[in-house]
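Open the model in your viewer and keep the selection panel at hand.

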Amino acid sequence: MNNHFSKMFERDIDLLIIQEFIDKRSFADLFLKQVGIADDEEYIITDTYQSLYSQEGESDITIILNRNGKRFGVFIEDKINAITMNEQSSRYFVRAEILKKQKQLDDYVVFLAAPKSYINSHKDDKNAQYSYFVSYEEMLSVIGGYNGAAEKYKADMIKFALKEKEKGYLMIEDEKVMRFWEAFTNRCKLNSSRLIITNNKKEKGADSSWIWFKTSFPKVSIVYKTNRGIVNLRVPKYANAFDAFVDAVKPLMQQDMAFEKMAGSANVTIKNEKLILDIHSNCEDNYEQIDYILSQIERMYDFALQISKVIAI
């Protein structure tokens, strides 16, 4: 069987690492033996997290072990070829220490998982000072030794990621934009439990200015266009029945809302200058504006619920 991939994101490898850590003790030992956990020591995995957020930033992978009644945290930063963020490694230790002080952890370790060439080239990077390291090549050596189609698929994923690293595929990332997305996403998570960003992959270039949100309706989405100051509610079902959509929704429309017809959807739009946000700016300096923006996205979410009462979306 030949496995083919068009792109490989760090999030894909995050999930692979978590699954293999759970399923295969030989894989988990790549990490655990480095911190003195013998291969015959018993433990129970009680919690796993992919992209665990807090006010102090994001942890790519968090795995909590119960070792003789003690909670032991394994934190893993995963990199293919992405730039390091400001104080990225040190913030892992800050987040872990907070959990320890809150009695949620008794102890912890922090790893970097990345291609060997990435680890070697970032030894002197002040933002990549982790305690322990596991290379993609080491992971591949373990996974490649398993039998079965699923294991081959995972091995091929890592091989493809290594090829992407050599091609420099992810070097188009923009550091300021990456920091903006991280801070914006954290603010969103703090402000709302229902606003879920659907295009929040780690790889962000200089033009990553549109933020997509899911709604409670599978094919209906909200798009926030930072560079144009627009919040769009997109309803694909009425792309070819725009007049019917307008007739049904018009009585619900609020003063600053407008209809917009697009090739793939019927839209309701809010547009004003207060919604314009520079993704190259320091997001932390604009929290008041971001809170306003999120309130308008929430408002559009509520409007979708109102529409659903008069017309099927």
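Start with the second largest pocket in this predicted model. Its lining has 20 residues. Select Arg91, Arg179, Glu182, Ala183 and Glu284, which lie nearest the pocket centre. The volume of the second largest pocket is about 390 Å³.

Now colour the lining by residue class. Next, show helix H7, residues 175-191. Helix H7 gives the most to this lining, with eight residues.

Stay here and zoom in on glutamate 182 and arginine 91. They form a salt bridge, with the closest N and O atoms 3.3 Å apart. This pair links distant parts of the chain: glutamate 182 sits in helix H7 and arginine 91 in helix H3 (residues 88-101), 91 residues apart. Are these two buried or exposed? Glutamate 182 is buried at 16% relative accessible area, and arginine 91 is buried at 19%.

Move to helix H2, residues 25-32. Select arginine 25 and aspartate 29, whose side chains meet in a salt bridge (2.9 Å, N to O). The two are four residues apart in helix H2, so about one helical turn separates them. Arginine 25 is partly exposed, at 28% relative accessible area. Aspartate 29 counts as buried, at 10%.

Next, pick glutamate 77 and lysine 79. Their side chains meet in a salt bridge (3.5 Å, N to O). Both glutamate 77 and lysine 79 are buried.

Finish with Arg194, Glu298 and Asp302, which are linked in a network of salt bridges. Across the whole structure, a search finds 13 salt bridges.

Notes
Residues are numbered from 1 along each chain as its sequence is written. This is a predicted model: local features need pLDDT of at least 70, side-chain atom pairs count only at pLDDT 80 or more; totals for chains, interfaces and linings use all residues. Side-chain values use heavy atoms; hydrogens and water are left out. On a 1 Å grid over the protein atoms alone, a cavity is a set of points where a 1.4 Å probe fits but cannot get out, and a pocket is an open set with protein on both sides within 12 Å along at least five of seven lines; lining residues have an atom within 4 Å of a point. Grid points are joined across faces, edges and corners, and a volume is the space filled by probe spheres set on the points. A salt bridge is a side-chain nitrogen of Lys or Arg within 4 Å of a carboxyl oxygen of Asp or Glu. Buried means under 20% relative accessible area, exposed over 50%, partly exposed in between (1.4 Å probe, protein chains only).
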